[in-house]
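Thanks for coming. I will go through one structure, starting with the chain as a whole and then moving to a few local details.

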Amino acid sequence: MNIIIYGSKYGSAKKYAEELARRTGFELAPFQEAGDINGYETIVYIGALYAGGVLGMKKTLGKLKDIAAKKIVIATVGLADPTNKENVENIRRSMERQLPRELFKAARIFHLRGAIDYDRLDLKLKMMMALLVKKVKSLPPEKQNAETRAMLETYRKQVDFIDFESLRQIEATI
C-alpha cells in the first residue's frame with residue numbers, strides 16, 4: 001500500500017500531490033485526514049514551506065514506526081529556487097529540526113517550486129510578509145541571500161513556478 005500525503009496552504013503542494021497521485025495511482029490525502037500511516041509501505045509527503053517549516057510534516061511523519069522498513073519520500077514546495085545550494089541547505093536545516101534524526105536520514109528528499117498570489121494571502125500572512133520584507137530591505141545586499149532576494153522580487157505579485165516535469169525525479173525513486 002502506498003500513499004501521497006500533502007500539506008498545502010494555498011494550493012501548490014496540493015497540485016503537485018494530485019498530479020503525482022494521478023501518475024502513480026497512489027492513494028492521496030491531505031495531512032489533516034491521513035490518520036495512521038504506519039500500514040503503508042511507501043509514504044510520499046509533499047509539503048509547503050510555511051512559517052519556517054514544512055506544513056504538517058512533523059505531525060504526519062513524526063508518528064512513524066519501523067522507519068527502516070518503509071520507503072519515505074519528502075518533497076518541499078516553496079518559492080525558493082531548488083537549484084540554489086544555499087536555499088536547499090536552509091530548507092534541510094529547517095527539516096532536521098522538525099523530524100527525528102533516523103527519519104530525516106532515511107527519507108529521500110526533493111525540493112519543488114511553487115506559486116504565490118499575494119492577493120489571496122490572509123491578512124495575518126500579509127502583515128507578516130510586510131514586516132519581513134521591510135526587515136530584508138534594510139539589510140545590506142551582501143547580507144541578503146538567494147531566498148530573501150527571491151522574496152523581494154515576488155513581493156505583492158502573482159508568480160507560478162509549478163513544473164510537473166520536476167515530479168519525474170520523485171517518480172524514479174518510488
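**Overall shape and surface**

The protein chain exposes about 9800 Å², and carbon and sulfur atoms supply 50% of that area. Accessible areas here come from the Shrake-Rupley method with a 1.4 Å probe, and for residues only the protein chains shown count as cover.

Before going further: this is a predicted model, in which local features need pLDDT of at least 70, side-chain atom pairs count only at pLDDT 80 or more, and totals for chains, interfaces and linings use all residues. Residues are numbered from 1 along each chain as its sequence is written, and side-chain values use heavy atoms, with hydrogens and water left out.

The protein chain has 7 helices and 8 strands. Helices (H or I, at least four residues) and strands (E, at least two) are DSSP runs, numbered from the N terminus. The radius of gyration is 16 Å, close to the 16 Å that the globule rule gives for 174 residues, so the chain is as compact as a globular protein of that length. That radius is taken over C-alpha atoms, and the rule is 2.2 Å times the number of residues to the power 0.38. The C-alpha trace spans about 50 × 30 × 30 Å along its principal axes.

Of the 174 residues, 45% count as buried. Buried means under 20% relative accessible area, exposed over 50%, and partly exposed in between (1.4 Å probe, protein chains only). Among contacts (heavy atoms within 4.5 Å) with a separation of 6 or more, residues 24 or more positions apart account for 75%.

**Helix H5**

Next, helix H5, residues 123–137. Its 15 residues reach 21 Å from first C-alpha to last, close to the 21 Å expected at 1.5 Å a residue; the expected span is 1.5 Å times one less than the number of residues. Which residues of H5 are buried? They are Leu-125, Met-129, Val-133 and Val-136. These cover an arc of only 70° around the axis, which puts them on the same side of H5. The arc is that of the directions from the helix axis to the C-beta atoms. The buried residues of H5 pack against strand E3 (42–50) and helix H6 (146–154). The face turned away from the buried side carries exposed residues, including Leu-123, Lys-124 and Met-127.

Ile-91 is found in helix H3, residues 85–98. At 8% relative accessibility, Ile-91 counts as buried. Leaving out residues up to four places away in sequence, Ile-91 touches Leu-49, Thr-76 and His-111.

**Salt bridges**

The structure holds 7 salt bridges, each a side-chain nitrogen of Lys or Arg within 4 Å of a carboxyl oxygen of Asp or Glu. In one of them, Arg-22 pairs with Glu-19, the closest N and O atoms being 2.6 Å apart. Both lie in helix H1, 3 residues apart, about one turn of the helix. Arg-22 counts as exposed at 60% relative accessibility, whereas Glu-19 counts as buried at 13%.

The side chains of Glu-171 and Arg-23 also meet in a salt bridge, at 2.7 Å, N to O. Glu-171 lies in helix H7 (residues 168–171) and Arg-23 in helix H1, so the pair ties together parts that are 148 residues apart in sequence. Glu-19, Arg-22, Arg-23 and Glu-171 are linked in a network of salt bridges.
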